[in-house]
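I opened this entry to look up a metal site first, then the aromatic contacts. The model is a predicted one.

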Amino acid sequence: MKFVRVALPLKLRRTFDYLVPEELDIAYVGARVRVPFGSRQLIGIVLEYLSESEYDPEKLKPIIEYLDHESIFEPNLEQALCWASEYYHHPLGDVFNQALPVAFRQGASLLPQDKTVFRLSELGLVTNSEELKRAPLQQQLLKQLQTEARDISNAELKVMCASPAPRKALIDKGLLLKQTIAYSPKPWSSDKVLAQEPLQLNTQQAIAVSSFSQLLGRFGCALLEGVTGSGKTEVYLQLIELVLKAQQQVLVLVPEISLTPQTIARFEQRFNVPIVAMHSGLNDSQRLLAWQQARCGEAALVIGTRSAVFSCLPHLGLIVIDEEHDSSFKQQESFRYHARDLAIVRAKNANVPIIMGSATPALETLHNAMSGRYHHLHLAERAGGAVMARQRVIDVRHQPMQAGLAPQLLKQMREQLEAGHQVMLFLNRRGYAPALLCHECGAVCTCPRCDAFFTLHQKERHLACHHCGNQQAIERQCGGCGSTNLVTTGLGTEQIESFLSEYFPQYSIARIDRDSTRRKGSLERLLTEVSERQHQILIGTQMLAKGHHFPHVTLVALVDVDHALYSNDFRSSEKLAQLVTQVAGRAGRGAQKGEVLLQSHHPEHELLQDLVNNGYAHFAKFALNERQQTQLPPASFQALFRFSAMQLDQVEQLSNQLYQHIMSLSDLNCLVLPPNTAPQARLAGKHRMQLLLQAQTRPLLHRVLHHSVHYLEHHPMARKVRWSIDVDPIDL
Ligand code: ADP
Ligand code: ZN
Ligand code: ZN
């Protein structure tokens with residue numbers, strides 16, 4: 001008797017054995033199988049082919065069918081997914097489930113679908129359309145098909161003739177044939193990859209390309225550090241060209257492309273090869289097709305966001321990660337992987353190099369580069385000749401602020417606006433005001449489901465909880481003392497907008513945050529309007545900072561940097577430094593020199609001064625040193641357990657028991673903080689606690705994680721309390 005061990009798309013940390021009926025007795029490891037599971041059927045993936053099972057064969061059920069007759073993965077993808085399951089302590093079946101396109105895990109075929117086309121029969125080609133003049137629609141359609149004289153897709157046919165009757169009539173008369181063409185991947189030629197001449201590289205770029213090209217053909221990690229506009233993309237392009245000429249595939253990961261179509265456009269202009277984009281804007285069938293095209297080798301270049309790291313690329317030659325520091329590469333729920341780290345594993349398995357580029361590398365990456373594990377190259381100057389924006393701190397102490405803006409900032413805004421330029425303001429808080437409170441007794445309007453203040457949204461006329469989405473009407477009376485004297489406190493983007501529209505009535509304002517871009521396509525529309533200079537003042541949250549190029553913005557202001565200077569999150573200064581440097585790199589890209597202003601109550605703050613005077617690289621060394629002294633990542637490794645449930649005592653009980661269990665392990669060698677309430681102690685009615693582990697080495701950490709997972713899996717309370725693990729968390 002033969003057995004297969006199957007990973008099923010369940011959140012269970014175990015595999016399942018099935019019998020293989022004699023008539024199906026072939027080993028298809030890596031193939032999808034349909035199996036019975038309880039009263040359902042599931043599609044799983046075969047992990048192993050066994051001649052014995054540890055379970056009683058009498059109790060095992062047979063598989064129903066194989067969906068594939070080969071592995072759906074190329075070996076390095078499968079290895080990477082198995083690695084991820086162990087490293088992130090996430091069930092393998094669910095890793096597979098999340099890595100594959102939805103349609104594919106529902107049974108879609110491995111190859112792109114056969115195509116249906118319509119073409120005229122011999123009779124149809126020679127028939128005089130005049131013969132159909134009693135049926136004008138048919139006559140017109142036949143005439144049009146005769147002029148086109150080629151295969152027509154179903155969609156094209158519908159455009160030619162909206163109604164189905166004339167189409168059907170032509171088919172019934174034997175004039176039009178409906179044919180199925182089997183899918184065959186279009187080969188691309190490695191000797192005609194260029195569609196456009198590459199740029200002449202400057203010296204630093206040329207050094208980067210030639211040293212990176214030495215890495216091709218084997219595993220190696222490289223960091224390309226260069227300010228925005230220093231020509232990193234050109235370096236990637238010329239390196240990619242070498243790989244394509246060797247007939248190999250390239251994977252390019254970027255933070256978000258549906259918003260920056262110019263990224264894809266640039267690759268398409270340069271290369272004459274099939275390029276596939278994978279991003280959140282694709283629907284299930286488009287995503288499936290992209291995956292299929294990568295797998296069959298038809299896609300030479302895959303450009304995509306985080307989940308594109310799961311592309312199946314049998315001829316992989318190079319991986320590029322642009323803006324490698326970007327937090328969107330980390331998935332923040334369920335299977336909490338980091339696409340950069342997974343990409344490194346894939347490069348290693350495939351024995352190909354990986355290039356990480358950024359103006360503001362993550363401290364983790366810099367640490368690896370500085371310790372010699374990564375090759376490290378710099379592009380110090382802007383390729384186009386534009387200069388970095390000047391950065392300055394505005395001391396807002398004792399200043400008469402208006403909607404959080406200092407007089408000096410308003411003055412400089414006026415100057416730039418009058419000169420015909422655009423200005424941009426950042427504040428990472430949407431809404432009108434982050435709290436509404438009673439002026440008599442001080443009570444604050446609080447979301448009943450979370451321990452969080454309601455944000456006032458004046459335009460939409462409601463209070464909204466930014467944690468759980470709960471909304472309610474604006475209160476007119478204090479719930480505590482009954483007073484009607486309610487006042488707002490704090491500042492949100494909406495308030496700045498409303499103030500500036502009165503202060504600068506002659507200029508148009510675009511506010512870009514999650515509220516103003518809720519409708520599909522509205523962000524794209526706003527960004528287009530900004531680049532067409534329909535708006536002069538831009539106000540936005542972090543959202544506005546991501547990768548957009550606005551050459552006419554000459555002044556950028558960060559309205560409140562104190563928030564980041566005094567945060568509990570040890571990464572907040574790194575994030576602030578990245579934001580400041582990123583916006584400075586984007587201000588004044590045209591002929592005008594830009595300026596970045598940082599409003600602070602602590603203008604002498606060491607970090608601010610270091611950043612403004614010495615730049616990101618200098619700041620980063622200082623910050624790394626600090627992390628070393630405090631033994632925080634990357635000087636150590638962390639993992640976070642999160643617990644949540646409606647009942648506080650259950651959450652406390654489980655997290656405390658896990659803590660005690662971990663403390664009782666022999667040779668612990670790991671720092672364990674006692675369970676603590678999460679920064680958001682209650683969310684949507686659920687109480688939340690967390691437990692942080694920190695160790696000097698990864699193996700020490702993973703040993704404890706392994707024990708902990710085993711403990712939790714068998715704990716009766718773990719059915720009532722939701723728990724999850726976040727390995728290398730970036731939000732504590
Ligand atoms: P980054 O990716 O670092 O932001 P890009 O590669 O997009 O930089 O380059 C910024 C601008 O400079 C682009 O408009 C690009 O066409 C131009 N550029 C890059 N390299 C060169 C070069 N060697 N010669 C002339 N222009 C260049
Ligand atoms: Zn009150
Ligand atoms: Zn809430």
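I looked up the protein donors of the zinc ion (ligand 2) and found C438 (SG), C441 (SG), C478 (SG) and C481 (SG), lying 2.3 to 2.4 Å from the ion. I then checked the geometry: the four donor atoms subtend angles of 103 to 115 degrees around the zinc ion (ligand 2), so the arrangement is tetrahedral. I placed C438 in strand β18 (residues 435–438) and C478 in the loop between β21 (471–472) and β22 (486–489); the pair therefore ties together parts that are 40 residues apart in sequence. I noted C438 as buried, at 1% relative accessibility, and C478 as buried, at 8%.

Next I turned to the rings. I have 16 aromatic pairs for the structure. Y88 is buried at 3% relative accessible area, and F335 is buried at 0%.

I also looked up F310 and Y337: their ring centres are 4.9 Å apart and the planes are at 65 degrees, so this pair is edge-to-face. I noted both F310 and Y337 as buried. I recorded a cluster in which ring pairs link W83, Y87, Y88, F310, F335 and Y337.

Last, I noted R32 over the face of F104, 4.1 Å from the ring centre.

How values were computed. Residues are numbered from 1 along each chain as its sequence is written. Chains are lettered from A and ligands numbered from 1 in the order in which they are written. This is a predicted model: local features need pLDDT of at least 70, side-chain atom pairs count only at pLDDT 80 or more; totals for chains, interfaces and linings use all residues. Side-chain values use heavy atoms; hydrogens and water are left out. Donors are N, O and S atoms within 2.8 Å of the metal (3.2 Å for Na, K and Ca); water is not among the atoms, so sites may look incomplete. Four donors count as tetrahedral if all angles lie between 85 and 135 degrees; four count as square planar and six as octahedral if opposite donors are over 155 degrees apart and all others between 65 and 115; anything else is irregular. Helices (H or I, at least four residues) and strands (E, at least two) are DSSP runs, numbered from the N terminus. Buried means under 20% relative accessible area, exposed over 50%, partly exposed in between (1.4 Å probe, protein chains only). Rings of Phe, Tyr and Trp (its six-membered ring) pair if their centres lie within 6.5 Å; planes under 30 degrees apart count as stacked, over 60 as edge-to-face and the rest as tilted. A charge sits over a ring if NZ of Lys or CZ of Arg is within 6 Å of the ring centre and within 35 degrees of the ring normal.
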